[in-house]
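Please look at the points below with the structure open beside you.

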Amino acid sequence: MTRELGDVIPAPGEVRPDAAAFFTLDAGTAISAAPGTEHVAAYLADVLRPATGFDLPVGDNGAITLSLDAGLAAEAYRLEIATGGVRLTAGASAGLFNAVQTLRQLLPAEIYTGTPQQVAWTLPGGTIVDAPRFGYRGAMLDVARHFFTVAEVKAFIDAIVQFKINHLHLHLTDDQGWRIEIDAWPKLTAISGGDGTGVDGVGPGFYTKADYTEIVEYAAARFVTIVPEIDMPGHVNAAQVAYPELTADGVAPPQRTDVEVGYSSLVAGKDETYAFVADVLREVAALTPGPYVHIGGDEAQATTAEDYRTFIERVLPLVTAYGKSPIGWHEMATVDLPPSAVTQYWRIEAADDGTARAAATGGKVLMSPADRTYLDMKYTEDSPLGLDWAGVLGVEKAYGWDPAERLPGVGEESLLGVEAPLWSETLRSLDDVLTMTFPRLPAIAEIGWSPRETRDWESFRRRLAAFGPRWQHQSVAYHPSPEIAWPT
Ligand code: TNX
């Protein structure tokens, strides 16, 4: 059955169906790529070939055409489906990639299978004109509490880009593990990335520099910016196990595999601290083409307020010196921030400790309120996976809020965007990751992308139901939430 033109998540800005038109892909369909669009054209062919079994050659002649239009913003696109052919137009390749994700969603669910299916590959006729509300639409994966391999992260990226998520924040370090190789401090990964690390000691592993670069490049090819996080001055037990000189008394603490937070701290008054931080930030910045490095800053209960300020004020300029903009969890905004610093707000109440003040001086805010966006919260009290300190988080609750109304003094113009973090204390596999992510991430993706006036729970709920079979066909685990009327 042919889909309806508006059956897309996130909801497009403008949908103009043409009931008289449709386009059906067949064995003779070819893709025409204007200069500068070859990369996305090749991606489009790659994602359509397995299920259709068609050749879908990419050249300068074909019924599906990709081209650029300088009149559109980089991420904006136009998708025109007529009986004679399909036209994808965008301001830049990123926008064409977005158009491709929309096009995939408009094909029958079997398009996600890995082997040829006997299906009429028909697209509904009409025009979609679409552009994002925010430039930053993110997900976060905690690879410190439980490590996820390069292949698992790639699979996660492939699943999230379908909803036009364009930033992946990797929480690389925490009390239970250190997951990124640092040449100047090799014991970080040799000791704290090895066996017995992670929550319950069952999440070992780390990324070599080559591994990390492989993730960065895979993400970039899909228009996803990697945002690396080195969490400090708290959440550093793994670093201190490897390098006892980073503690106050120089004695190595025991390795920790429990889920406590707020007990470890770098020492604000020690030179070794800044030598360490400078090396780590320099190496991480050098490996990262994206504009941001996240310095954590959360839950530093073992750091005095004065030491916290001293530490953050010394570290922020280091990030800038290595050519990046700093992001920190909202606790960082208790310190006077330069306008280039981004505050990531995670509170469960509309309480503030400086975020609005940072916004008032031009700082941008990334909205991740835990009660609405934390993908590690349980769906319901009896969910086998997840935590519940921010409450349980069903799909309707994840969908039913607005980032511009969350915090007084932080309106639309102060927002960089939204991000849905996934902490991994209770997760043990890629299937666990995906089960917590879907179907809630699409709700956050729609909040980050779609015009506010299109927000409508009944419409979202109906559109979301169609993704059950889509996830099944691509072997993406999801939680079959009873809030959604999944097709049987
Ligand atoms: C709080 S929210 C944390 C993490 C935990 C998470 C579990 C924030 C910035 N820090 O250390 O993993 O809760 O939900």
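1. Contact means heavy atoms within 4.5 Å. Helices (H or I, at least four residues) and strands (E, at least two) are DSSP runs, numbered from the N terminus. This is a predicted model, in which local features need pLDDT of at least 70, side-chain atom pairs count only at pLDDT 80 or more, and totals for chains, interfaces and linings use all residues. Residues are numbered from 1 along each chain as its sequence is written, and side-chain values use heavy atoms, leaving out hydrogens and water.

2. Buried means under 20% relative accessible area, exposed over 50%, and partly exposed in between (1.4 Å probe, protein chains only). In helix α14 (residues 457-465), the buried residues are Trp 457, Phe 460, Arg 463, Leu 464 and Ala 465. They pack against α11 (395-399), α13 (440-449) and α15 (467-473).

3. Lys 324 sits in the loop between α8 (305-321) and β14 (325-329). The side chain of Lys 324 reaches the backbone oxygen of Thr 288 at 2.6 Å and that of Gly 290 at 2.7 Å.

4. A salt bridge is a side-chain nitrogen of Lys or Arg within 4 Å of a carboxyl oxygen of Asp or Glu. By this rule there are 26 salt bridges. One of them joins Lys 209 and Glu 283, with the closest N and O atoms 2.5 Å apart. Lys 209 lies in helix α5 (residues 209-221) and Glu 283 in helix α7 (residues 271-287), so the pair ties together parts 74 residues apart in sequence.

5. Arg 452 forms a salt bridge with Asp 402 (3.4 Å) and another with Glu 405 (2.2 Å, N to O). Asp 402 is buried, at 8%, whereas Glu 405 is exposed, at 58% relative accessibility.

Notes:
A polar contact is a pair of N or O atoms within 3.5 Å; within protein, one must be able to donate a hydrogen and the other to accept it, and residues adjacent in sequence count only if both atoms are side-chain atoms.
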